[in-house]
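Q: I have a structure open and would like to go through its contacts. Can we take them in order?

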There are 2 protein chains.
Amino acid sequence: MTRSPQYPQLDTPCAVINLDTVDRNVNAYQAYCDKHGIALRPHIKTHKIPAFAKQQIDAGARGITCQKIGEAEIMADAGLDDILLTYNVLGERKLARLRSLFDRIKTLRVVADNEAVIEGLSRAFSDSAKPLEILIECDTGGGRCGVQSPDAAVVLAQKIQSLPGIAFAGLMTYPAAGGGPKVGGFFGDAMAKLDAVGIDCPIRSSGGTPDMWKAHEVSNVTEHRIGTYIYNDRSLMAREVCGEDDCALRVLAEVVSLPAPGRAIIDAGSKVLTSDLLGLEGYGCVVGHPEVNVVGLSEEHGILHFEADLSPFEIGERIEIIPNHVCVVSNMLDQVHLVRGDVISTVDVTARGKVL
Amino acid sequence: MTRSPQYPQLDTPCAVINLDTVDRNVNAYQAYCDKHGIALRPHIKTHKIPAFAKQQIDAGARGITCQKIGEAEIMADAGLDDILLTYNVLGERKLARLRSLFDRIKTLRVVADNEAVIEGLSRAFSDSAKPLEILIECDTGGGRCGVQSPDAAVVLAQKIQSLPGIAFAGLMTYPAAGGGPKVGGFFGDAMAKLDAVGIDCPIRSSGGTPDMWKAHEVSNVTEHRIGTYIYNDRSLMAREVCGEDDCALRVLAEVVSLPAPGRAIIDAGSKVLTSDLLGLEGYGCVVGHPEVNVVGLSEEHGILHFEADLSPFEIGERIEIIPNHVCVVSNMLDQVHLVRGDVISTVDVTARGKVL
């Protein structure tokens with residue numbers, strides 16, 4: 001049986017990140033993108049830590065992806081200077097912050113999927129020396145934001161080209177898992193229709209870690225955005241995108257109670273692991289203990305079940321859990337611990353909780 | 001149709017708390033406890049804000065409940081001086097912090113449900129001038145921590161009485177919803193067995209908001225711990241514990257996309273509302289829009305569905321959502337906004353994210 005490291009110098013619950021695993025994950029996918037001529041634009045939502053964003057850039061990534069202006073501001077403060085903000089920005093407050101950010105970094109692009117957003121962006125950038133480049137978000141089956149048809153993308157591209165301060169730069173989508181062929185079809189149709197009205201479409205940005213190794217199969221995609229690949233998690237293990245050894249972030253927890261046969265209680269609850277299931281059963285996988293299920297979480301307690309005749313744990317024993325969804329775990333913690341060999345350091349999750 | 005306040009001075013997503021509703025919730029339950037002679041010990045996990053803890057004390061609460069030492073430290077810093085920590089404290093680091101906290105406030109009690117925890121507490125308090133009082137946590141059907149039988153409670157009470165630095169003070173449970181009769185039975189048996197061996201059991205602490213109005217039916221309970229009642233939420237509306245007007249905290253969100261008939265996307269996702277379902281369908285209730293369902297959340301997006309022939313929203317429109325589980329929403333936000341009439345103020349959620 002694999003014994004989990006105990007890390008006596010750390011207090012539980014906490015997140016421990018193996019830097020060798022991070023290096024391997026970052027470099028492997030960069031090599032894949034380089035081989036296939038795809039620009040990699042990692043999404044910082046998974047780590048929310050500028051040092052990891054810089055590592056991704058140093059490895060060869062084109063730029064980074066942020067979802068919120070607050071995240072992008074943190075990354076810009078740390079020197080990241082090529083950011084795609086994959087969100088409809090609305091309202092005078094957010095538009096003023098977007099403009100201020102745009103004016104201080106090399107490259108900032110945004111997305112839009114409707115006229116109200118485009119008109120707001122044009123107002124905020126009408127006096128800008130260089131235009132704000134906008135990608136049209138397309139719904140290729142994800143069922144979230146995005147125009148519903150290539151024709152609708154063309155209408156919005158023409159709208160952008162007609163207004164001051166902004167310029168159309170391409171297409172963006174966050175596909176459903178397995179949605180690569182639909183992305184290719186949607187983007188191909190839209191590119192042909194844009195070409196027919198004389199509009200260039202240089203950037204075609206897709207994303208998602210579940211299909212990361214199939215990105216090259218969608219030939220008209222120029223850029224891939226992924227976040228989770230840097231840490232990986234149980235949801236990606238379940239999809240066979242990675243193995244347990246590729247999971248860089250583990251939640252270190254301690255057994256605080258063994259109240260009844262077949263039950264153990266740990267000090268990591270939904271305030272660390274979150275309630276995200278991502279279609280899985282249970283709230284994480286206990287490293288080295290396939291016989292144990294994390295059947296429930298309250299805010300400060302995790303409830304583990306196992307066969308009543310087993311005694312896998314002692315009170316005070318530490319266990320490692322690979323979370324279902326690692327991005328949301330990063331968002332719960334003010335700090336995480338980084339491990340390389342015997343050396344442990346602690347870093348702030350600087351862009352945590354940036355909801356604005 | 002109820003029109004939601006728009007709060008143009010606030011940026012979205014955010015949490016807005018109606019102070020008149022807070023006052024009414026705090027005072028109504030204090031009056032109930034006063035009437036029935038039950039000591040109220042509110043759990044600060046719902047608000048994580050010292051000012052609200054003080055309001056609860058000023059209204060007549062006996063003390064407060066915290067789950068983590070980090071929360072209790074924040075509350076003690078703000079002057080709260082009677083704290084019950086309802087958690088098994090283990091490990092030298094946490095025990096040292098517990099002792100330090102104990103030495104600086106009037107009253108600090110903890111719980112325990114096993115010998116390892118009791119022995120650790122005794123070691124940490126063996127040289128204390130006054131003993132640390134411990135309640136034995138009992139599993140009365142909740143299936144989390146707690147001894148499984150009244151006999152086991154007696155064994156641990158005797159263990160506590162045999163060790164230096166600590167003293168047995170009573171029983172504690174977090175019951176399953178509807179578990180009042182089981183609490184009464186378990187506590188009654190344990191009290192009789194303790195009495196038979198000459199051990200006093202002055203405190204019998206139960207808790208939970210779902211059964212808050214039935215607390216008096218369990219006659220041997222001296223103290224009730226509840227958290228959610230100060231704000232209330234959709235889970236308590238579903239259990240008919242409160243109505244919509246009793247829900248003090250609402251998430252203010254903005255419609256950022258209307259991509260397709262029957263679908264709207266808002267800027268509040270799981271980073272604000274969390275993925276907690278608490279047995280409900282959907283991720284919150286949209287105030288004034290019973291025809292709309294919050295069917296999905298990703299981290300920064302909420303997905304609303306409604307009949308395809310309806311057009312309930314415009315892009316940029318603001319909506320209010322009553323979350324499924326309000327305690328976990330407090331934990332997502334560095335700040336919340338307080339509203340009294342036309343006056344809005346902003347406070348830090350000081351005890352947010354205290355996992356240690």
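A: A term to begin with: contact means heavy atoms within 4.5 Å. By that rule, 18 residues of domain 1 of chain A are in contact with 17 residues of domain 2 of chain A.

Q: Before going on, what kind of model is this, and how is it numbered?
A: This is a predicted model, where local features need pLDDT of at least 70, side-chain atom pairs count only at pLDDT 80 or more, and totals for chains, interfaces and linings use all residues. Residues are numbered from 1 along each chain as its sequence is written, chains are lettered from A and ligands numbered from 1 in the order in which they are written, and side-chain values use heavy atoms, with hydrogens and water left out.

Q: Ok, where are the two domains of chain A?
A: Domain 1 covers 21-230 and domain 2 covers 234-348; the bounds come from an automatic or database domain assignment. Their centres, taken over C-alpha atoms, are 33 Å apart.

Q: How much area do they bury between them?
A: About 1300 Å², with 62% of it on carbon and sulfur atoms. Buried area is the accessible area (1.4 Å probe) that two parts lose on being put together, summed over both.

Q: And how many salt bridges between the domains?
A: The count is 2, a salt bridge being a side-chain nitrogen of Lys or Arg within 4 Å of a carboxyl oxygen of Asp or Glu. A:Arg340 pairs with A:Asp23 in a salt bridge, with the closest N and O atoms 2.6 Å apart.

Q: Which helix gives the largest share of domain 1's side?
A: Helix α1 (residues 19-36) of chain A, with 5 residues. Helices here are DSSP runs (H or I, at least four residues), as are strands (E, at least two), numbered from the N terminus.

Q: Switching to the two chains: how many residues does each put into the contact?
A: Chain A gives 61 residues and chain B gives 61 residues. Together the chains bury about 4800 Å², 48% of it on carbon and sulfur atoms.

Q: How many salt bridges there?
A: The rule finds 10 across the interface of chain A and chain B. One salt bridge joins the side chains of A:Lys94 and B:Asp11, at 2.8 Å from N to O.
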